[in-house]
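Have a look at the sequence and the model first, then read on.

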Amino acid sequence: MRKLTLLIILLATAAVASPQQMPPPKTSVPQSDAQKAFEKMKTLTGSWDGTVMSIPINFTIRAASSGTAILHEGNTEKGPPNHEITMFYVEGDRLLGTHYCDAGNRVRWEGKMSPDEKTIEFSFLDVAGSTKGGLLKRMMFTMIDANKHVVDFTFIMPNGKPVELHGEFLRTK
């Protein structure tokens, strides 16, 4: 019995004294350019007021779908945009946007962030639905600071003529 007790004490001491197996450190996977741009877009979460062509517009930007998408909603008091929405999301290694336009179509874009990480430009991929009312071909966000950003748009008129639009927006919340 005494030998058994001594053996148990020795085994217990050896177990305590032996180095503990530590799990290997978790290696973080570097973010793709698309994911970096998406995270930058998330910094715009909030409410914004500004004007485009002297038309006052309010934008609300928020994370949706457990943070896997960003909902961008535009409203004016009188007419377009009348609750236009754009969804931004990462698909594979691309930052994509789908714009649900008052013109009755859905434009898809691919976004790329500038080297200085202050601008994200969304370029035209394709469109579904009628383009008789025109289409929003390009959208570019430039982050000035935490409370101000600029949006530049290229709208293609029904006659095919591009119109360049510019808006400056200040954070309200």
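Which residue in E7 is the bridge partner of Arg108? That would be Asp126. Keep in mind throughout that this is a predicted model.

## The barrel

Let's start with the overall layout. Ten strands close up into a barrel, and they follow one another in the order E1-E2-E3-E4-E5-E6-E7-E8-E9-E10 with antiparallel pairing. On average, and ignoring direction, neighbouring strands of this sheet are turned by 25 degrees against each other.

Now for some of the individual pairings. Strand E4 (residues 82-91) and strand E5 (residues 94-100) run antiparallel and are joined by seven bridges. Within that pair, Val90 has Leu95 of E5 as its bridge partner.

## Around E7

E7 has a partner on either side in the strand order, E6 and E8.

On to E8, which runs antiparallel to E7 and is joined to it by four bridges. Here, too, there is a hairpin with five residues between the strands; its turn holds Gly134, with a positive phi of about 100 degrees. Across this pair, Ile120 stands opposite Phe141 in E8.

Ile120 sits in strand E7. Is Ile120 buried or exposed? It counts as buried, because its relative accessibility is 0%, and the cut-off for buried is under 20%.

Leaving out neighbours within four places in sequence, the contacts of Ile120 include Ala37, Lys40 and Met41, along with Leu95, Met113, Met139 and Phe141.

Helix H2 (residues 33-42) lies across strand E3 (69-75), E4, E5, strand E6 (105-113), strand E7 (119-129) and strand E8 (135-145). Against E4, the helix runs at about 145 degrees.

In soluble globular proteins, nonpolar side chains tend to be buried together. In this model, the largest nonpolar core has 28 residues, and Phe88, Phe122, Met139 and Phe141 have the most contacts inside it. Two or more residues each come from H2, E1, E2, E6, E7, E8, strand E9 (148-156) and strand E10 (162-171). E8 gives the most, with five residues.

## The E1-E2 loop

Finally, a backbone detail. Met53 is found in the loop between strand E1 (46-52) and strand E2 (55-64), and its phi is near 55 degrees, a positive value in a residue other than glycine. Ser54 is in the loop between E1 and E2 as well; its phi is also positive, at about 65 degrees, although it is not a glycine.

And how do their side of things look for solvent? Met53 counts as exposed because its relative accessibility is 57%, and Ser54 counts as exposed at 71%; the cut-off here is over 50%.

Technical notes: Residues are numbered from 1 along each chain as its sequence is written. This is a predicted model: local features need pLDDT of at least 70, side-chain atom pairs count only at pLDDT 80 or more; totals for chains, interfaces and linings use all residues. Side-chain values use heavy atoms; hydrogens and water are left out. Buried means under 20% relative accessible area, exposed over 50%, partly exposed in between (1.4 Å probe, protein chains only). Two strands pair if DSSP finds at least two bridges between them. Axes are lines fitted to C-alpha atoms, for helices over the stretch in contact, and angles run from 0 to 180 degrees between N-to-C directions. Contact means heavy atoms within 4.5 Å. A nonpolar core is a set of buried Ala, Val, Leu, Ile, Met, Phe, Trp, Tyr and Cys residues joined through side-chain atoms within 4.5 Å.
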